[in-house]
Amino acid sequence: MEKMTVPVILGPTAVGKTELVLRAAEGLGYEVVSCDSRQIYRRMDVGTAKPTAEERARVRHHLVDILDPSEGYSAFAFADDALRVMRLARESGKKILICGGAGLYYHILVNGTAPLSGSDSVPVREERSPPEDMEFRTVVVNRPRDVLYNRINRRVDAMFWQGLWEEFEALRGMGYAETSPGMICLGYRELFAVERGEVDLARAVELIKQNTRHYAKRQLTWFRNKVEARWIDIDDDCAAGALNGWLASV
């Protein structure tokens with residue numbers, strides 16, 4: 001069987017992947033597989049910068065809103081789910097791309113993994129091979145560091161204007177706790193200190209900004225060291241055209 005070519009768009013948080021990919025996917029007829037470890041959770045919309053219902057009506061997104069915050073997930077589960085979605089898309093003649101920033105999810109999907117030896121603390125795991133029926137073509141989108149960090153700061157401010165604290169309170173009211181897999185996500189875990197009275201909300205906002213900047217830096221380090229990809233440095237004037245041109249050539 002001829003291999004299915006799958007475009008992959010990776011990038012750090014707040015770089016602008018969602019806006020770029022929405023425009024490109026809508027114009028070229030793609031559906032999107034989300035490669036994101038936080039957007040999998042239902043009712044966690046503001047703090048994960050999840051595509052809105054209107055945006056998902058324009059372009060179908062897979063692997064968004066698939067779990068409750070009390071449920072765990074893994075890179076291996078993502079690889080299984082993503083391959084299932086992509087193979088079904090191929091059978092139905094649909095075009096599909098991957099977009100996100102979860103480096104480990106991408107790595108396990110594309111490269112598989114070697115087996116681990118068994119021990120008291122680490123169970124035996126069978127080797128997972130790369131999918132032989134897929135060919136992944138990957139770009140990493142990036143912005144200058146100061147621009148990216150400013151975008152992160154502005155997005156965190158916007159999250160609070162859009163109701164992040166109220167979303168957190170609603171999730172707590174549903175019984176999701178500090179140990180719930182969804183609630184350990186960046187942007188939510190910092191708010192438990194506010195709830196306990198240890199810091200005020202303004203300090204929590206600054207902590208989320210700081211932790212998000214650190215996360216973006218780690219993402220970029222991972223992409224540079226672990227991912228074979230073309231890098232596209234974007235700005236607001238040329239980004240859509242550059243990505244559209246690359247996708248049209250895949």
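In this predicted model, a charge sits over a ring: the charged end of lysine 226 lies over tryptophan 222, 5.5 Å from the ring centre.

Ring-to-ring contacts come next. A pair of aromatic rings is described by the distance of the centres and the angle of the planes. Searching the whole structure gives four aromatic pairs. Two of them are listed here.

| Pair | Centre to centre | Angle between planes | Class |
|---|---|---|---|
| Tyrosine 73 and tyrosine 105 | 6.0 Å | 65° | edge-to-face |
| Tryptophan 165 and phenylalanine 168 | 5.3 Å | 25° | stacked |

Take the tyrosines. With 65° between the planes, tyrosine 73 and tyrosine 105 are edge-to-face. Tyrosine 73 belongs to the loop between strand E3 (61-62) and helix H3 (75-91), and tyrosine 105 to helix H4 (residues 103-111), so their pair ties together parts that are 32 residues apart in sequence. Tyrosine 105 has 9% relative accessibility and therefore counts as buried. The contact is part of a cluster: ring pairs link Tyr73, Phe78 and Tyr105.

Now the stacked pair. The planes of tryptophan 165 and phenylalanine 168 are at 25°, and under 30 degrees counts as stacked. Both residues are in helix H6 (residues 164-173). They are three residues apart there, so about one helical turn separates them.

Key
Residues numbered from 1 in each chain as written. Predicted model: local features only at pLDDT ≥ 70, side-chain atom pairs only at ≥ 80, totals over all residues. Heavy atoms only, no water. Phe/Tyr/Trp six-rings, centres within 6.5 Å; stacked < 30°, edge-to-face > 60°. Helix = DSSP H or I, 4+ residues; strand = E, 2+ residues; numbered from the N terminus. Buried < 20%, exposed > 50% of the residue type's maximum accessible area, 1.4 Å probe, protein only. Lys NZ or Arg CZ within 6 Å of the ring centre and 35° of its normal.
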